[in-house]
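The following note sets out points for discussion on the model shown below. Please read it alongside the sequence and the coordinates.

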Amino acid sequence: MSIKERVEDAEALWRQGRKEGAWVLALIAAAATSRKRYPKPTHDNEAFKSFIRDVLPTLMYGKPLQGTPNPRILFGQIPVEDIIYEHLRCNLIHEAAPSPQVAFSESKIVDGKVQATLVVGSPNVIPDFWVIHLLKSVREAPENVAEFGQPPNLGVQPTPASGHGLRKH
C-alpha cells in the first residue's frame, strides 16, 4: 500500500459520490505525507496540523499562493487545521463518522467555477471539494515526488474541465 494508492482510491470514491470515504483516504494520505515532512520526534497531531497549514491555500483555492504568506483561517477561535484534525481525521478514523460539529456543503458548478459554502457555527460547514484540493496537495508535495513525479504547472487552478474530478457524475 502506498500514498499514491490511497489518493487514487479516494479519487475513485469521490467519482462514485462516496465523499466521506474519499475524505478518510485523503486524510490518511495527508497524514502519511505529513509524517514524511515532519518526521519524529514531531508528534503525529502536530505533523498533520503543520502540513494542513502548509497547504491551506491549495486546500482553499486549488493552488498555492505565490509570494504571500499562508492565510490563517479560524472557525470562531479554532484554527481550520484543528477542525480538520480533530473533527474530521480523528472522528472519521476512530468513530467512522465526522464529528457532529462538522458538515460538508454540497459543491456545484456556477459559471464554470466550483462553488460551495463555508460556514462558521454549529456545525462548522466546509466545502466538500476541499477533499479534491487536499489530494492535489498530497500529489504535489515534494516529499511524494518518487510516487507521483514532478508536480504539474502550479499556476493552473483546477476547473471542471481540467480532469481533477470536480465534475458531477
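**Note on the predicted model**

1. The largest nonpolar core has 40 residues, and Trp23 and Leu134 have the most contacts inside it. A nonpolar core is a set of buried Ala, Val, Leu, Ile, Met, Phe, Trp, Tyr and Cys residues joined through side-chain atoms within 4.5 Å; buried means under 20% relative accessible area, exposed over 50% and partly exposed in between (1.4 Å probe, protein chains only). At least two residues of this core come from each of helix 1 (3–15), helix 2, helix 3, helix 4, helix 5 and helix 6, and helix 2 gives the most, with 8 residues. Helices (H or I, at least four residues) and strands (E, at least two) are DSSP runs, numbered from the N terminus.

2. This is a predicted model, in which local features need pLDDT of at least 70 and side-chain atom pairs count only at pLDDT 80 or more, while totals for chains, interfaces and linings use all residues. Residues are numbered from 1 along each chain as its sequence is written, and side-chain values use heavy atoms, with hydrogens and water left out.

3. Beyond its neighbours within four places in sequence, tryptophan 23 is in contact (heavy atoms within 4.5 Å) with Leu88, Leu92, Phe104, Ile126, Pro127, Asp128, Trp130, Val131 and Leu134.

4. Helix 2 and helix 3 pack at about 100 degrees, their axes 8 Å apart. Axes are lines fitted to C-alpha atoms, for helices over the stretch in contact, and angles run from 0 to 180 degrees between N-to-C directions. The two helices are therefore roughly perpendicular, the term for angles of 65 to 115 degrees. Helix 2 contributes Leu27, Ala30, Ala31, Thr33, Ser34, Arg35 and Arg37 to the contact, and helix 3 contributes Asp44, Ala47, Phe48, Phe51 and Asp54.

5. In helix 3 (residues 44–54), the buried residues are Ala47, Phe48, Lys49, Ser50, Phe51 and Ile52. Their cover includes helix 2 (19–37), helix 4 (56–61), helix 5 (80–95) and helix 6 (130–140).

6. Helix 5 is mostly covered, with 12 of its 16 residues buried; among them are Glu81, Asp82 and Arg89.

7. One joins lysine 40 and proline 41, with omega about 25 degrees; proline 41 lies in the loop between helix 2 and helix 3. The other runs from serine 122 to proline 123, with omega near 5 degrees.

8. Alanine 96 has a positive phi near 65 degrees and counts as exposed at 63% relative accessibility. For aspartate 111, phi is positive, near 50 degrees, and the relative accessible area is 78%, also exposed.

How values were computed:
Angles under 35 degrees count as roughly parallel, over 145 as roughly antiparallel, 65 to 115 as roughly perpendicular and the rest as oblique.
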